[in-house]
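Visitor: I am new here. Please show me the structure, and then I will ask my questions.

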Amino acid sequence: MTAVRTTTPLPPVVDRETWLGEREALLVREKAHTREGDAIAAARRRLPMTEVTPVPLIGAHGPTPLQDIFAGRDQLVVYRHMWHLGKPFEDQCEGCTATIWDVQNAAYLEERGISFAVFCEGPYEEVAPFRDFMGYSHPWYSTHGIEDPAYAGGGQIACFLRRDDRFFLTYETTGRGVEAIMASHKLLDMTAYGRQEVWEDSPEGWPQEPTYTRWRRDGRPVPQWTRPGAGPVGAERQHCH
């Protein structure tokens, strides 16, 4: 458990009426930000799309046609997961782990006719035990050996649409676009000290550490410590976990 030291500076203390005034002033900016986000989403819905060649991917049941990955729905949202070939679980990408951890159930997407899947760079025989260890419920597919940029790569969200036997890429993220599914980071942004990373514009003396520091603890991506069987790093390196 991480605690803030008693010497860490605090926000100013004011009466509730003053606090409400400050809060209302910030709310004006928050609402403007929300409306701008809505406008960007409207523009996103008006983007053209590009056709992609359907490529079968290796999943739990072997080679799987792209149409089957849509699981009977018209749209598909994918997270492209990085993979460090041949490395144990603790050496896999903490960034991808942090990104996807908050997406444990796609029921609300499915209700809107959208399936969710993970396209991972690693061979399926390496990926499958990792998926099981992490306890992920969504389907994973291997893109190992595939160079088509519609499938390959890591650290992005991609959105696809199907019309009969034709498939289209409608949107993909770059950089911090993956924060759309990082609920924990959005909550951190609401707290007094934020994400506590050095890039943030915070008051003097606020607790800050190098970026991504808290994505890994004692040699493992943080969520791995919640998994049964997660042990000290090093002694088990001959095994996957």
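Visitor: Which helix holds Thr99?
Guide: This is a predicted model. In it, Thr99 lies within residues 94–100. That run is helix 3.

Visitor: Is Thr99 buried or exposed?
Guide: A residue counts as buried under 20% relative accessible area. Thr99 has a relative accessible area of 2%. Therefore Thr99 is buried.

Visitor: Which backbone oxygen does the side chain of Thr99 reach?
Guide: The distance is 2.8 Å. A polar contact needs N or O atoms within 3.5 Å.

Visitor: Leaving aside neighbours within four places in sequence, which residues is Thr99 in contact with?
Guide: Contact here takes heavy atoms within 4.5 Å. With the sequence neighbours set aside, the list for Thr99 is Tyr79, Val178, Ile181 and Met182.

Visitor: How many residues of strand 4 are buried?
Guide: Strand 4 covers residues 75–81. The strand is mostly covered. Of its seven residues, the buried ones number six.

Visitor: In which sense does strand 4 pair with strand 5, parallel or antiparallel?
Guide: Strand 5 spans residues 114–120. Leu76 stands opposite Ser115 in this strand. Seven bridges link strand 4 and strand 5, and the sense is parallel.

Visitor: And in which sense does strand 4 pair with strand 7, parallel or antiparallel?
Guide: Strand 7 runs over residues 156–163. Val77 stands opposite Cys159 there. Strand 4 and strand 7 share six bridges, and the sense is antiparallel.

Visitor: Which residues of helix 5 are buried?
Guide: Helix 5 takes in residues 124–134. Its buried residues pack against several elements, including strand 4 and helix 3. Those buried residues are Tyr124, Val127, Ala128, Phe130, Arg131, Phe133 and Met134.

Visitor: Which residue just after helix 5 takes a positive phi?
Guide: The phi angle is about 80°. The residue sits just after helix 5. It is Gly135.

Visitor: What share of the residues in the chain is buried?
Guide: The chain has six helices and ten strands. Its residues number 241. The buried share of them is 36%.

Notes. Residues numbered from 1 in each chain as written. Predicted model: local features only at pLDDT ≥ 70, side-chain atom pairs only at ≥ 80, totals over all residues. Heavy atoms only, no water. Buried < 20%, exposed > 50% of the residue type's maximum accessible area, 1.4 Å probe, protein only. Helix = DSSP H or I, 4+ residues; strand = E, 2+ residues; numbered from the N terminus. Pairing = 2+ DSSP bridges. Polar contact = N/O pair within 3.5 Å; in protein donor to acceptor, adjacent residues only side chain to side chain.
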